[in-house]
Amino acid sequence: MKRIQRLPDHLVNQIAAGEVVERPASALKEMLENSLDAGAGKITVDLAQGGIKLIRVTDNGSGIAPDDLPLALDRHATSKIHSLSDLESVATLGFRGEGLASVASVSRLTLTSRPQDSAHAHQIVAIDGTLHPVEPAAHPEGTSVEVVDLYFNTPARRKFLKSEATEYAHCSATFERIALAHPHVEFLLRHNGKVVQRLPTQTLAERIGAILGRDFVDAALTVDAEAAGLTLRGLVASPTYSKASRDAQYFYVNGRFVRDKLAQHAIRQAFRDVLHHERHPCYALFLTLPPEGVDVNVHPTKIEVRFRESQAIHQFVFHGVNKVLANTVAGSTPQQVGFGQPPSDGAAPAPSLAPSAAPTLTARPVYQQQSSLPLSVAREASATYATMFAGVREDEQRLANRPALPEASANVGSLAAFAPATAAALPATDPDGLPPLGFALAQLHGVYILAQCAEGLILVDMHAAHERIVYERLKTALEADAIPSQPLLLPVSFAADKLEVATVHDEATGMQRLGLDLAPLSPTQIAVRAVPIWLKDGDPVELARAVIKDVREAGMTRVLTERRNELLATMACHGAVRANRQLTLTEMNALLRDMEATERSNQCNHGRPTWVRLSMKELDGLFLRGR
Ligand SMILES: Nc1ncnc2c1ncn2[C@@H]1O[C@H](COP(=O)(O)OP(=O)(O)OP(=O)(O)O)[C@@H](O)[C@H]1O
Ligand SMILES: [Mg+2]
């Protein structure tokens, strides 16, 4: 074994650089964070050859005193913390005092700065980690850091660099992550001399739109939660916008972009109910909490953090997101519609079918279509509706009064009565008020319901919508206690294997909570005696089989806890109205009213939209009217 020796500082820095400066984008991140910590209001980035040749960041921040210039490039030298207690409540992006030292050890770096209110600028050059003397220079108030030829002195690392295009893409992603969180700062990005992004000072919504695209913002829901010193703000895309990749997931803790498993998990959970598992939710969310509540010193590039009270944070993030997703009641936010070019001579541009009222960070989505309808029309429609609905109400009343069915005061979700539970859930009877989803006109090919609303035409996917309604009812009922069941007039039996029969025998109580009354008839037969009241029009045997299968595979306890929503979704799918089933206008209207009263009814259980709206303007556009 050789003798132990102390490593030279330069080598220590180079080793540290391995952790901090993985590629040009990581050097850019260090530099941008320093500019933000210096309070810059404007930051300009110049890149050449994907950042491999040149990264220059210029800011108008506080600047560095001439005597401090060598220190800025020294390892373990920082102006941001002084003591251990400072480390416990870091409010700046940097604090380790190694960012610039690491970059300088693997490049040719020039640091030029003029402190605010100072008449002169000074400069220091570091090549291969060797500092040259501080010299006067020309520079406006603020700081420039210029990094040339990254890894010129560490060929092994240089070999790991990817193509210019790839390195540029990483730099651009880094730039966007940082710019997204600082809308009040002006940013400019140039690559090989060309301006690629210019961001003026903006509101958060505008900045998100500039970086993630207008369509993201248009399809987004506003998150704005606050509790016990925590806030969660930002946008989540409505589930129908979700992407197949994880690209558009931006999560920040106290302004710092992080990859946090805990937060990702909480957000995924909130989306679980409305998003197909292969799709990824899109979001830009900003969590703030007192700095003492989070340890930022757990990763050299600070991409990870550790929360002191992780459980509470998980809950808070989950609820913040879940709440806005639960608010996607049908009719409350416009659904995106996408169409190809209308048949035309090709000269006319495609009509824009973007929703008319995009939710913004300040304005919540509102029911926006009633006011434009002439009073008389609205009155007439409401009256017609009341008449049509009267029958359904009576049916429901009768059922509620039937002694054999005490649960029927909860919803009767059969096709004969898609009615909401209480009169309060009905649309406003205000003479001016039309329900958001309007009134049914007809059924199209047994699949879609067409309805007229104040703004134009509503199209509803009836199976998807009904499935969601039934699913939400099952969830609410089970959360409260048990799902009300409806005895079948004639029990049906089906052939089953021994394990299925045993499952039914063992789990009768659990099955009852699920609204199912199953009984072993013989060692090879099971009888279905009652089904959940909202599923009585479905196939009882298919339903029973599906539930038994789940219980057998996962066990009743898990089925009633962690796998509950999956099971209820399966049940809802079996009970939901099938395509090609003819509905009367009354039934269709009742379904529309139910959608308006049901949480998350904008999406089916798989995240597809349940309805879309075509406004008169959009329809006029299709026919090139008014041009
Ligand atoms: N753009 C800038 N404007 C003003 N001061 C700067 C700028 N860049 C660096 N400095 C000064 O140089 C010091 C060293 O910067 P460096 O990035 O190496 O460390 P840090 O930001 O303190 O911590 P970290 O290693 O976590 O980034 C900073 O503490 C700051 O005082
Ligand atoms: Mg720094």
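In the predicted model, an oxygen atom of ligand 1 lies 2.6 Å from an N or O atom in the side chain of K80. Taken alone, ligand 1 exposes 590 Å², and the protein buries 94% of that area.

The protein as a whole comprises 20 helices and 23 strands. Of its 627 residues, 51% count as buried. Among contacts with a separation of 6 or more, 71% join residues 24 or more positions apart. The accessible surface of the protein amounts to about 29200 Å², and carbon and sulfur atoms contribute 54% of it.

The count of aromatic pairs is four. One of them is formed by Y250 and F257, whose rings are 6.1 Å apart centre to centre with 70° between the planes, an edge-to-face arrangement. Y250 has a relative accessible area of 10% and is therefore buried, the cut-off being 20%. F257, at 11% relative accessibility, is likewise counted as buried. Another pair consists of Y252 and F286, which are stacked, with 4.7 Å between centres and 15° between planes. This pair links distant parts of the chain: Y252 belongs to strand 12 (residues 249-253) and F286 to strand 14 (residues 283-288), and the two are 34 residues apart. Y252 is buried, with a relative accessibility of 1%, and F286 is buried at 12%. Y250, Y252, F257 and F286 together form one aromatic cluster.

Helix 13 spans residues 462-480. The distance from the first C-alpha of its 19 residues to the last is 27 Å, close to the 27 Å expected at 1.5 Å a residue. At the start of helix 13, a side-chain oxygen of D461 comes to within 3.3 Å of the backbone nitrogen of H463. When neighbours within four places in sequence are left aside, the contacts of E472 are with D273, T598, E599 and R600.

Helix 19 covers residues 585-597. Its 13 residues should span 18 Å at 1.5 Å a residue, and because the end C-alpha atoms are 18 Å apart, the extent of the helix agrees with that expectation. Helix 19 is mostly covered, as 10 of its 13 residues are buried. The buried residues are E587, M588, N589, A590, L591, L592, R593, D594, M595 and E596. An α-helix has 3.6 residues a turn, so residues three or four places apart point the same way.

Notes: Residues numbered from 1 in each chain as written. Chains lettered and ligands numbered in written order. Predicted model: local features only at pLDDT ≥ 70, side-chain atom pairs only at ≥ 80, totals over all residues. Heavy atoms only, no water. Helix = DSSP H or I, 4+ residues; strand = E, 2+ residues; numbered from the N terminus. Contact = heavy atoms within 4.5 Å. Expected span 1.5 Å × (residues − 1). Buried < 20%, exposed > 50% of the residue type's maximum accessible area, 1.4 Å probe, protein only. Polar contact = N/O pair within 3.5 Å; in protein donor to acceptor, adjacent residues only side chain to side chain. Areas by Shrake-Rupley, 256 points an atom, 1.4 Å probe, with all protein chains shown as cover. Phe/Tyr/Trp six-rings, centres within 6.5 Å; stacked < 30°, edge-to-face > 60°.
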